[in-house]
Amino acid sequence: MNHAATTDMADAPVLDEDPFSDENIANPYPLFERMREMGPAVFVAPHGYYAVTRHAEAGIVASDHTRFTVEGGVGMSDIRKPGAWRTRSPISEIDPPEHTRVRAALQKILSPLVVKTWKDKFAQRAEEIAEQAVARGRIDGVADITEAFVLEVFPAVLGIDVPPERIKLTGELNFNQLGPNNERVARTLRRAAPIMDWYQQVLQRDHMRPGGFAEKIYEAEDAGDFDAGTAPLHVRSFFRAGVDTTIAGIGSTLKLLSEHPEQLALVKANPTLLKSAFEEALRMESPAQVMFRTTTGEVELGGVRLRADTKVGYHMGAANRDPRQWEDPDRYDVTRQTAGVHRAFGVGAHVCIGQMISRLEAESILGALIRRVQRIEPAGEARWRPVNTLRTLDVLPLTLVAG
Ligand code: HEM
């Protein structure tokens, strides 16, 4: 932005390695540690973007739209350029002041009072799913708990009928496309090709169930709260941002509690710790791993000069394990106070608008389960699903010991 202010500054160090290689996607933490030590921003040569992996600077990139705009999209490629992979989200890809008006209208639809009315419905379904799972004893924590719960209750309150397998596939496509245009994107595009027409249709008004909050988005557009024609894009944003991330977060909480029985014992002894058990899992295994902004000119970040019109990824997965911010960051500690400090929900104007929904879902299903078990034991190797920008489990074999 201000060229005079950046002329004396160093350029960001260059990383020749690919953060999205199979090895780094499977276990991103060793590379994150090296990137944090290289500097406040690192130029990732294979993809031509700046990676920001420290907690303090990640917060700046997420929230200072004067230096880091969202108008180029929250993915790695610039949606303003020809061949964009999707149209702009009318909430997450506009800067203030326009964003402020849209966000206020959405917040009215999703007020805490509205979310509270879902509590009993969530609790009832959570009790049923937990009871069946404990009766079976040996389960897959992903399919039998997190997906069974979230894929049913969230589309129900949104008011859209979608087969679970299609939600998973379109989610995987979205979180792959937010990253580099690599083989993972090509593979998912091939698998999703037969359902892409359906995916466009299912977001249209005639597919909305009466009483869901998606229908309210269309009504708000009628009332002039949103620009004409943007309602299906709002529904898409909610649908995409709300399902896979919550599944990922609840799955990681289950995994960490199974690996740390002493932490589970703490939660059982003091159920109010369930909230922080979930937040701490979001910190340790952040579902959204990276979100992007674009420099608005030549800008400064942490004393380093960044080139104009270049993508900057804030890697919340790395920021959330930054030892500059967290003591013993690789330790899962359900007593750690992380809510509002970790970057898993972002920060600033675009901070996650659905965080209280994901908390309500997590507390419903995890609470119902934990009340019924003495122990949750690993029963085989957990497997992460290889997705460019989402840290989520494919399989989580568990034994539930009732008690
Ligand atoms: C554990 C679960 C969740 C995680 C980890 C998560 C993560 C995030 C993050 C990191 C952002 C900020 C993106 C940025 O900085 O560009 C965000 C924004 C957003 N989230 Fe979530 N999210 C979760 C659940 C949900 C749910 C349940 C909903 C739907 C109700 C939702 C809807 C949204 C929307 C619409 C935005 C855009 C807000 C804006 O731009 O003003 N999210 N989320």
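Cys 352 is found in the loop that runs between helix H16 (316-319) and helix H17 (355-372). Helices here are DSSP runs of H or I with at least four residues, strands are E runs of at least two, and both are numbered from the N terminus. This is a predicted model, where local features need pLDDT of at least 70 and side-chain atom pairs count only at pLDDT 80 or more, while totals for chains, interfaces and linings use all residues. Residues are numbered from 1 along each chain as its sequence is written, and side-chain values use heavy atoms, with hydrogens and water left out.

The SG of Cys 352 is the single protein donor to the ligand's iron atom, at 2.3 Å. Donors are N, O and S atoms within 2.8 Å of the metal (3.2 Å for Na, K and Ca); water is not among the atoms, so sites may look incomplete.

Three strands make an open, mixed sheet, ordered E1-E9-E8; pairing takes at least two DSSP bridges between two strands. Strand E1 (10-11) and strand E8 (299-301) are the edges with a single partner each, so one side of each has no neighbour in the sheet. E1 and strand E9 (residues 304-306) run parallel, joined by 2 bridges, and Ala 10 faces Val 304 of E9.

## Nonpolar cores

A nonpolar core is a set of buried (under 20% relative accessible area, 1.4 Å probe, protein chains only) Ala, Val, Leu, Ile, Met, Phe, Trp, Tyr and Cys residues joined through side-chain atoms within 4.5 Å. The largest has 77 residues, and Leu 106, Phe 213 and Ile 217 have the most contacts inside it. Helix H13 (residues 231-259) is its top contributor, with 10 residues. Apart from this core lies another of 25 residues, including Ala 58 and Leu 390.

Key
Buried means under 20% relative accessible area, exposed over 50%, partly exposed in between (1.4 Å probe, protein chains only).
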